[in-house]
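Visitor: Hi, could you walk me through this one? I'd like to ask things as they come up.

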Amino acid sequence: MRLTLKVWREGGKYVGQFVDYKVDNISTDMSFLEMLDVLNEQLIQEKETPIAFEHDCREGICGTCSMVINGQPHGPMKSTTTCQLHMRSFNDGDVIYIEPFRAKAFPVIRDLVVNRDSFDRIIQAGGYVSVNTGQAQDANAIPIEKDTSSQAFDAATCIGCGACVAACPNASAMLFTSAKVSHLATMPQGKVEARKRAQSMVKQMDAEGFGKCSNVTACEAECPKGISVTNIAKLNREYMGSVFGSDKVM
Amino acid sequence: MRWLTNFLFSSIGQKVVMSLTGLFLISFLVAHLSGNLQLLIDDGGQQFNQYAKFMTSNPLIKFISFGLYAGILLHAMQGLYIWINNKAARGGKGYAKKVTRAVGTNATAASNMAWWGILILIFLIIHMGDFWFAMKFGGSLEMLTYEGYDEPVKDLFTKVEATFNNPIFVIFYVLAMLGLAAHLLHGFQSAFQSLGLNHPKYTPLIKGIGTFIAVVIPLLFAIIPIFMYFGIYPLSSFLH
């Protein structure tokens with residue numbers, strides 16, 4: 001395959017612009033990141049600075065490989081991370097736009113690499129359950145119905161990649177935040193702190209400068225894990241419950 | 001009351017206000033539509049004029065109308081505020097190429113809610129300037145006394161008829177109703193989602209009702225100027 005890539009370059013000698021690159025002899029069996037590896041090898045041989053992009057597991061489970069390919073976070077394939085997107089999804093001679101995730105709360109560090117610390121701070125604000133140290137309790141000591149654990153697991157499959165924010169016209173982090181709130185509020189272990197969690201995570205989400213959800217559902221459409229917007233409705237319920245239904249003033 | 005202001009200024013609280021005011025405004029649309037369809041009665045405007053008199057003099061309706069003005073202002077102002085904030089949250093740079101897909105809603109309707117809203121707001125200002133202002137404060141309307149009624153009523157019907165004789169107004173009204181259709185198509189179901197009401201049993205019903213009202217309400221509103229332009233009055237009065 002022969003491709004023309006229009007890649008966003010920012011940092012170093014680039015002030016923030018698209019740069020055109022041509023790559024040749026690309027196998028359809030390569031992943032998108034392997035294709036970028038080939039381009040970077042080419043750039044290094046030409047004594048150019050390689051394109052900075054993030055990647056880690058390359059198995060579709062870590063959520064590191066963040067980029068917008070032809071206007072879609074993680075590219076055109078449904079429920080797929082960039083590393084699991086293969087070049088057979090493209091045609092010979094294609095022009096491909098590659099841009100970083102864009103949001104005020106995700107500032108560009110360099111080229112395609114953005115800072116997603118804001119997600120970490122949202123999790124730190126309440127995306128956990130408090131447990132006593134000591135001996136682990138018996139497995140299955142708390143009975144949980146299979147449907148309930150499956151529902152919680154569906155929400156827990158969020159890999160925190162940020163595609164939801166990148167896809168959202170409002171750069172809202174509601175799908176990400178709601179996945180964690182919903183996951184933990186569904187389980188008995190998480191219910192204990194559910195109200196406090198909804199309050200603190202939403203507060204942090206707002207403080208990070210993410211937008212407000214207008215239920216466009218572009219987040220669910222682009223989510224590599226297919227996290228459903230029903231979690232956002234649940235977050236809304238949890239949050240309103242914490243405000244109006246709590247016996248404490250929150 | 002710090003807890004309440006915290007809620008109202010939170011991102012979720014702001015959306016809750018948008019959904020509650022939006023649903024309230026939909027209830028107004030239904031009432032307004034049922035009243036305005038009387039324009040299509042073939043009695044020279046008698047029933048409509050009497051209805052208009054009732055709507056501007058009944059104390060209970062006067063009281064509710066202040067809630068309506070507040071609802072419109074809050075929905076419009078907060079909507080614009082959220083829109084500006086959301087644009088800022090996107091950051092300075094947009095995507096060179098952007099594809100917006102949606103699940104269970106129309107992506108074009110959903111991602112342009114503010115634009116449909118702005119169109120509706122501009123329409124409302126012109127529409128209220130034309131008729132509401134003329135009815136409330138304008139001295140330009142002729143007074144008519146109908147047989148069997150003591151009090152004279154303002155002839156709003158003739159004013160409406162004259163306005164809809166102008167094809168530019170008719171086209172503008174129809175375009176505004178298209179904007180309303182898009183706004184309702186996403187807005188109705190989105191309001192329930194913002195209120196946390198999403199359930200496999202009820203959501204399909206909510207979406208169905210949303211699509212129905214998004215088609216029927218703007219369509220019935222739009223046929224009023226079209227029919228009046230062509231002088232078609234298909235309804236007959238049940239009052240006299």
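**Around helix 7 of chain A**

Guide: Let's start just after helix 7 of chain A, where A:G209 takes a positive phi of about 90°. Helices here (H or I, at least four residues) and strands (E, at least two) are DSSP runs, numbered from the N terminus. This is a predicted model, where local features need pLDDT of at least 70, side-chain atom pairs count only at pLDDT 80 or more, and totals for chains, interfaces and linings use all residues. Residues are numbered from 1 along each chain as its sequence is written, with chains lettered from A and ligands numbered from 1 in the order in which they are written.

Visitor: Okay, what span should helix 7 of chain A have at 1.5 Å a residue?

Guide: Its 14 residues (194–207) should span 20 Å, and the end C-alpha atoms are 20 Å apart, which agrees. The expected span is 1.5 Å times one less than the number of residues.

Visitor: And how many residues of that helix 7 of chain A are buried?

Guide: Ten of the 14, so helix 7 of chain A is largely enclosed by the rest of the structure. Buried means 20 or more other C-beta atoms within 10 Å of a residue's own, exposed means 12 or fewer, and partly exposed is in between, with C-beta atoms placed from the backbone. Among the buried ones are A:R195, A:R197, A:M201, A:V202 and A:D206.

Visitor: Switching to domains: which ones does chain A have?

Guide: The assignment gives domain 1 (3–99) and domain 2 (117–244); such bounds come from an automatic or database domain assignment. Taken over C-alpha atoms, the centres of the two domains of chain A are 30 Å apart. Twelve residues of domain 1 of chain A are in contact with eleven of domain 2 of chain A, contact being C-beta atoms, placed from the backbone, within 7 Å.

Visitor: By class, what's on the domain 1 side of chain A that touches domain 2?

Guide: Four nonpolar, eight polar and no charged residues. Ala, Val, Leu, Ile, Met, Phe, Trp, Tyr, Cys and Pro count as nonpolar, Asp, Glu, Lys and Arg as charged, and the others, Gly among them, as polar.

Visitor: Which residues have the most contacts inside the largest nonpolar core?

Guide: A:C164, A:V165 and A:L175, in a core of 104 residues. A nonpolar core is a set of buried Ala, Val, Leu, Ile, Met, Phe, Trp, Tyr and Cys residues joined through C-beta atoms within 7 Å. Helix 8 of chain B gives the most to this core, twelve residues. Both domains of chain A give residues to this core, so it lies between them.

Visitor: Now the chains: how many residues of chain B are in contact with chain A?

Guide: There are 37, in contact with 39 residues of chain A. On the chain B side, helix 4 supplies the largest share, six residues. That side has 16 nonpolar, 15 polar and six charged residues.

Visitor: B:L60, buried or exposed?

Guide: Exposed, because B:L60 has 7 C-beta neighbours inside 10 Å. B:L60 is found in helix 4 of chain B.

Visitor: How many helices and strands does chain B have?

Guide: Nine helices and two strands. Of the 240 residues of chain B, 31% count as buried.

Note on methods
Contact = placed C-beta atoms within 7 Å.
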